[in-house]
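Colleague: Could you walk me through how the two chains in this model meet? I am new to this, so please take it step by step.

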Number of protein chains: 2
Amino acid sequence: MVLVDIGNTNFHIWQNGKIEHLKKIKRFDEKIYYISVNSEKEKELLKLNPEAVNLKDYVKFDTDYKGLGIDRIMACKSIKDGVVVDAGSAVTIDVMEKGVHKGGIITLGLYAFKQAFGKISEVLKYEYAKIDKKLPLNTSEALNYGSLGAVVCLIEKVAESKEIFLTGGDGKFLAETVKGRYVEDLVFQGMLLTIEELRMEN
Amino acid sequence: MVLVDIGNTNFHIWQNGKIEHLKKIKRFDEKIYYISVNSEKEKELLKLNPEAVNLKDYVKFDTDYKGLGIDRIMACKSIKDGVVVDAGSAVTIDVMEKGVHKGGIITLGLYAFKQAFGKISEVLKYEYAKIDKKLPLNTSEALNYGSLGAVVCLIEKVAESKEIFLTGGDGKFLAETVKGRYVEDLVFQGMLLTIEELRMEN
């Protein structure tokens, strides 16, 4: 069995517990379950793998949120209580309480911040680093604080005292600053749970 | 006398207490003092107004920050104690204590957030609105919280209990969410102070 999570930038592939990230999709000979937030990339998957099953059509999830992305649903599905942070091109921050989704926010991913600063002025350059508690005293520190620090500020504000679970490309790095647990396969855990529920019904 | 604050996007003009914002600069017959963070736009000013005086060469300002933008210096110069927020293409958040600059951060402006979300995916659309205390329950609310909310979160974190002064294109709008005072001519106040100091010396 292969699980494919189609993001805005990459195809994220789960195969026997191993995860890889591909720019281009390939043909698989095994059964494929997928989710997608990018219709162009979804077409690429289905062209090479026409029997792939879209789990969106089968997932059960309790929320009042209108239009919640399927990747956010899957990341949240395996968490009963806590804050779920998926840090990719965008960063989503969702709150789960007793298995019910209570709402969430979307901010920019770390790379998107960098790109956007570069568009404003070529002098706004920086490298990401752990945030110092002192106020920044140069441009690089000031931009790091204004991007990584903004994401961290939102996560901590939403989380309050709740447990934080981080996933996605920048999840591991964010977990160095935010007091939370990095779970690489959080989206895939939700997909596996959905497949299990589907099998129990049939 | 005319004061010109050349930003990344616009020429901000002060003339007899009135402020206007121009995409293109014009010829003035009065004495011009200016500051600039954009060398291309500075050339346009000097081409039409070769006698314009750059206040950067005369300003006195106490800080350990390396490479502090001249616009930030001017906005901070007239504030003895408090947090100075200049909300333009970028948003700068600086701390002043007893007339000394203690450091500051740079985050994205509200328009830059919008642009950056649009680049990630065309479905990430929203309009800015006052932030509700409840967790967002749709994409537009989630993006508003993740952009405006990120800026507000950083300002409040840096400010703690200090007084907040807001200026710049989005300063008035931000002052509806952040508990602070909007001062339209904050940068120009610093420029006027610099000119006064210059006159007292000569």
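Predicted model: local features only at pLDDT ≥ 70, side-chain atom pairs only at ≥ 80, totals over all residues.

Colleague: Which residues of chain A lose the most area to chain B?

Modeller: Start with the contacts: 40 residues of chain A touch 40 residues of chain B. Three residues on the chain A side together make up 18% of what that side buries. They are A:Ile106, A:Ile120 and A:Leu137.

Colleague: How far apart are the closest N and O atoms of B:Glu156 and A:Lys157?

Modeller: Charged partners first: the count between chain A and chain B is 2 salt bridges. B:Glu156 and A:Lys157 form a salt bridge, and their closest N and O atoms are apart by 4.0 Å.

Colleague: Which element gives the most residues to the side of chain A that touches chain B?

Modeller: The elements giving two or more residues there are strand S7 (90-97), strand S8 (100-108), helix H3 (110-120) and helix H4 (139-159) of chain A. One of them gives the most, with 12 residues, and that is H4(A).

Colleague: How many charged residues are in the lining of the second largest pocket?

Modeller: That pocket holds about 490 Å³ of space and is lined by 23 residues, with A:Lys157 and B:Glu156 among those nearest its centre. The largest share of the lining, 5 residues, comes from H4(B). By class, the lining has 9 nonpolar and 3 polar residues, and the charged ones number 11.

Technical notes: Residues numbered from 1 in each chain as written. Chains lettered and ligands numbered in written order. Heavy atoms only, no water. Contact = heavy atoms within 4.5 Å. Buried area = accessible area lost by both parts, 1.4 Å probe. Salt bridge = Lys/Arg side-chain N within 4 Å of Asp/Glu carboxyl O. Helix = DSSP H or I, 4+ residues; strand = E, 2+ residues; numbered from the N terminus. 1 Å grid on protein atoms, 1.4 Å probe; cavity = no way out; pocket = protein on both sides within 12 Å on 5 of 7 lines; lining within 4 Å. Points joined across faces, edges and corners; volume = space filled by probe spheres on them. Nonpolar A, V, L, I, M, F, W, Y, C, P; charged D, E, K, R; others polar.
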